[in-house]
Amino acid sequence: MIDQLWEYLVVAGVLLVAIVAGLAAFLRPGRGGRTKDLPTPPTPTPDRGAEREEPDDSGGPSASVDTLPRPAPTVEEEVIAPEPPAPTIERPDAALGRLQRLRARLARSNTALGKGLLALLTRGGLDEQAWEEVEDTLLAADLGVEATTELVDSLRTQVRVDGTNSEAEVRGWLRRDLLALVDPGMDRSVASARIDGRPAVVLVVGVNGTGKTTTVGKLARVLVAEDKDVLLGAADTFRAAAADQLQTWGSRVGVPTVRSDKDGADPAAVAFDAVRAGIELEVDVVLLDTAGRLHNKANLMAELGKIKRVVEKQAPIDEVLLVLDATTGQNGLRQAEVFSEVVGITGIVLTKLDGTAKGGIVVAVQRKLGVPVKLVGLGEGPDDLAPFDPEAFVDAILN
């Protein structure tokens, strides 16, 4: 019986070995048996920093990961555009002495007045007809009837007393009398300093086409050259691109501009906001540009009066500058009168004085309004607005 049990154990052992061998063959790959598709393990990514090479002699890397295309940014990534370069801030020319530097232009524009008078007065034998020619020359230069009469009477007396036709002496008489008419004693300073802890407020007015917005931009440059902190108010809300034009002038010298982005906005509201901003920013002066308007349009002049009243609810207006085109001559005097009645003119800015031989308008407008010419425009350059200097002006007229 023991022998029979032993035989059973041997057979069982043989069967077990056979089963194990069969399973091993079944699971071994490449033997025709079924295998399970397993994912291929990822290949380890080498350290890219180790593959970077130093630049060769040509200045660029011979092989670098920086040359490989970069993946496009995902939706979550923020693409930041490079910031534009900061605008270059200009430094305007010093205002002091500008008129002297521009005397050549002024002399060319007033040749008819200066040379014409000298030619008449030095030819000798001045009779009534000759004096009439002197008067005509002065009137043609827009000196005005009253001022012309005064000047001719003074010259007549001088000629009768001295009886000379020396050009040097006649030039001296003319210089003396013209300078007296221009009146060097008038205060020609422009309000530009803080007053009682607030900025000075300057309102600039005028008819269409006088170059008013350009004048405001140039005046800002004059004040910046004097180290003043300036703020611009674009209260011309009707002319297309007026605010853009003024803002461009300001940005060139680092001056901020308060404006409305809405066409046809209330100009009084814009002016009010500009003065308020000037107070908050503690600037020295606020320059308010206004829309050009014809002096005979009652509704537009009333609107100008409204701007002045609204602004004065928070700060007084210290200066009202009227911009006049010098080429309009006597026609500009009526404009000046009406503007002065509505907003109270304190000073005159004469533009385009380089394009006319009618320099006598300086005398005429001062006499008409009783206010001084404070600034003159003698060209189209950004720094061609100059504080008015009576002596330099008269010397330029007499060449």
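Q: Given that rings of Phe, Tyr and Trp (its six-membered ring) pair if their centres lie within 6.5 Å, how many aromatic pairs does a search of the whole structure find?

A: A pair of aromatic rings is described by the distance of the centres and the angle of the planes. In this predicted model, searching the whole structure turns up one aromatic pair.

Q: Are F388 and F393 buried or exposed, and which residues touch the most other members of the largest nonpolar core?

A: In soluble globular proteins, nonpolar side chains tend to be buried together. Here F388 and F393 are both buried, and F393 is, with V205, L288, I345, I348 and L350, among those touching the most other members of the largest nonpolar core, which has 78 residues. Helix 8, spanning residues 167-182, is the greatest contributor to this core, supplying seven residues.

Q: What is I348 in contact with, leaving aside its neighbours within four places in sequence?

A: With those neighbours set aside, the contacts of I348 include L322, L324, V365 and L369, as well as the run from V371 through P372, V373 and K374 to L375. For the chain, 76% of contacts with a separation of 6 or more join residues 24 or more positions apart.

Q: Where does the charged end of R252 sit?

A: The charged end of R252 is placed over the ring of W249, at 5.4 Å from the ring's centre.

Q: What does the secondary structure of the chain come to, and what share of its residues count as buried?

A: The chain has 15 helices and eight strands, and 43% of its 399 residues count as buried.

Methods: Residues are numbered from 1 along each chain as its sequence is written. This is a predicted model: local features need pLDDT of at least 70, side-chain atom pairs count only at pLDDT 80 or more; totals for chains, interfaces and linings use all residues. Side-chain values use heavy atoms; hydrogens and water are left out. A nonpolar core is a set of buried Ala, Val, Leu, Ile, Met, Phe, Trp, Tyr and Cys residues joined through side-chain atoms within 4.5 Å. Buried means under 20% relative accessible area, exposed over 50%, partly exposed in between (1.4 Å probe, protein chains only). Helices (H or I, at least four residues) and strands (E, at least two) are DSSP runs, numbered from the N terminus. Contact means heavy atoms within 4.5 Å. Rings of Phe, Tyr and Trp (its six-membered ring) pair if their centres lie within 6.5 Å; planes under 30 degrees apart count as stacked, over 60 as edge-to-face and the rest as tilted. A charge sits over a ring if NZ of Lys or CZ of Arg is within 6 Å of the ring centre and within 35 degrees of the ring normal.
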